[in-house]
Amino acid sequence: MMGDMGSPGAVALVSSDLMFASQVMTTMRNAGGSAVLVVGDAVPDVDVVFVDLNTSVDARLALIAQLRAQRPDLDIVGFCHHAERDLRRRARAS
């Protein structure tokens, strides 16, 4: 869970979109928190993991399943294009 009393805590972003990652990192830093861009599948100890499901879908769904098994209380937020209904269903199943 994010930090107490509005503190943004720490997030990890699994994405290959470097511009978006830069925006997330800047936003978190400006809010007093921190963000790290995950390379590979080594997700650090954070409050929330954001997973970009617009690319590398199978690998990222597998990462979600792995994280869920290893850290069942970790908040994981997957995102993709709004029209990707089947992908959203697959992500929820992970």
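Let us begin with Arg60, which, apart from neighbours within four places in sequence, is in contact with Val14, Ser15, Ser16, Val51, Asp52, Leu53 and Thr55; contact here means heavy atoms within 4.5 Å.

A word on the source: this is a predicted model, in which local features need pLDDT of at least 70, side-chain atom pairs count only at pLDDT 80 or more, and totals for chains, interfaces and linings use all residues. Residues are numbered from 1 along each chain as its sequence is written, and side-chain values use heavy atoms, with hydrogens and water left out.

Arg60 belongs to helix α2, residues 57-70. Helices (H or I, at least four residues) and strands (E, at least two) are DSSP runs, numbered from the N terminus.

I turn now to the strands. Strand β3, residues 48-52, is mostly covered, with four of its five residues buried. With strand β4, residues 75-79, β3 pairs in the parallel sense over five bridges; two strands pair if DSSP finds at least two bridges between them. Within this pairing, Val49 has Ile76 as its bridge partner in β4. Together, β3, α2 and β4 form a right-handed β-α-β unit: with the strands pointing away from the viewer, the path from the first strand over the helix to the second runs clockwise.

Strand β1, residues 10-14, also pairs with β3 in the parallel sense, over four bridges. Ala12 has Val49 as its bridge partner in β3, and Val14 stands opposite Val51.

Why is β1 largely enclosed by the rest of the structure? Five of its five residues are buried, so the strand is largely enclosed. Ala10, Ala12 and Val14 point one way, Val11 and Leu13 the other.

Note on methods:
Buried means under 20% relative accessible area, exposed over 50%, partly exposed in between (1.4 Å probe, protein chains only).
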